[in-house]
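Student: I'd like to go through this one with you and see what stands behind the labels. Can we look at it together?

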Amino acid sequence: FPQVTMLGSWGERELETMDLLGVDLIFSTMDLPAMRLIPWVKVSPLLIQEDIGRIRGALLRIADAERQGAAQQTGREFLHTAFSERRISVANRPMEREEAIRFAGELLRRDGYVLPAYIDAMVETFQMHGDYAVLTSGVAMSYAKAQDGALKTGFSLLALQEPVDFGVKASNPVRLLFALSATDDAAYLTAMKFFARLLSGRASIHRLLQLDTPEQLYQELTAT
């Protein structure tokens with residue numbers, strides 16, 4: 001694969017604290033259920049023919065998504081088109097996990113980004129896959145498939161003054177819950193790159209966790 005530039009090799013725990021900006025794909029000899037922002041491919045230590053096929057397929061999907069997204073905004077431009085202070089809310093009362101997911105999804109629905117069925121799909125996805133939503137300590141993101149009712153690409157943010165237990169001991173409790181709507185693979189890839197950059201900045205996450213108004217949260221996010 002001459003088009004691939006290998007950056008190095010690291011253990012699973014090291015990946016959790018690494019800056020993954022610029023990383024498009026991870027090869028691993030083990031499952032990486034906690035790696036939700038960057039696509040990964042499981043291969044055998046000796047790289048058999050089946051592994052080569054999986055790698056080729058992953059690279060083709062990434063290339064296709066990059067081509068589709070060539071005309072889309074990325075980075076700061078993506079943030080300003082996909083996000084709005086209108087889609088930030090601060091919850092001042094205790095919430096259960098599913099209620100928080102529905103609340104964050106409703107912020108998208110009321111702005112015309114998703115259909116009601118998409119919110120149901122986000123809850124069902126969480127119920128089936130459990131801790132998939134937790135991105136890092138204190139931060140979670142819920143989303144569903146484009147065909148479940150995504151109308152436009154964008155995201156919302158629910159700040160929880162009463163933290164919510166999302167079932168992942170190492171990352172509990174959750175204080176910030178993002179809800180994402182992506183209309184295709186290219187939009188999803190652009191969004192994941194943004195969140196990877198955001199979450200690689202530990203100081204930025206710490207600041208976000210200290211804020212308690214939509215205005216403050218929006219200013220901090222758009223300044224990253």
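**Salt bridges, strands and a helix**

Tutor: Let's start with a count: six salt bridges turn up, where a salt bridge is a side-chain nitrogen of Lys or Arg within 4 Å of a carboxyl oxygen of Asp or Glu. This is a predicted model, where local features need pLDDT of at least 70 and side-chain atom pairs count only at pLDDT 80 or more, while totals for chains, interfaces and linings use all residues. Residues are numbered from 1 along each chain as its sequence is written, and side-chain values use heavy atoms, with hydrogens and water left out.

Student: What makes Asp111 and Arg87 a salt bridge?

Tutor: Their side chains come to 3.0 Å, N to O, and the limit is 4 Å. The pair ties together parts that are 24 residues apart in sequence, because Asp111 sits in the loop between helix 4 (97-109) and helix 5 (116-129) and Arg87 in the loop between helix 3 (75-82) and strand 3 (88-91). Helices (H or I, at least four residues) and strands (E, at least two) are DSSP runs, numbered from the N terminus.

Student: Why is Asp111 called buried?

Tutor: Buried means under 20% relative accessible area, exposed over 50%, and partly exposed in between (1.4 Å probe, protein chains only). Asp111 has 16%, so Asp111 counts as buried. Arg87 has 3%, so Arg87 is buried too.

Student: How do you know that Glu106 and Arg109 form a salt bridge?

Tutor: Their closest N and O atoms are 2.5 Å apart. Both residues lie in helix 4, three residues apart, which is about one turn of the helix. In general, an α-helix has 3.6 residues a turn, so residues three or four places apart point the same way.

Student: Why is Glu106 called partly exposed?

Tutor: Its relative accessible area is 32%, so Glu106 falls in the partly exposed class. Arg109, at 31%, is partly exposed as well.

Student: What makes Glu220 and Arg207 a salt bridge?

Tutor: The closest N and O atoms of Glu220 and Arg207 are 2.8 Å apart. This pair links distant parts of the chain, with Glu220 in helix 8 and Arg207 in helix 7 (residues 202-210), 13 residues apart. Glu220 is buried because its relative accessibility is 16%, while Arg207 is partly exposed because its value is 40%. As for networks, salt bridges that share partners join Arg86, Arg87 and Asp111 into one.

Student: How do you know that strand 3 and strand 6 (residues 154-164) are joined?

Tutor: Two strands pair if DSSP finds at least two bridges between them, and here four bridges join these parallel strands.

Student: How do you know that the span of helix 4 agrees with its 13 residues?

Tutor: The expected span is 1.5 Å times one less than the number of residues. That gives 18 Å for helix 4, and its end C-alpha atoms are 18 Å apart, so the two agree.

Student: And which residues of helix 4 are buried?

Tutor: Those are Ala100, Ile101, Ala104, Gly105, Leu107 and Leu108.
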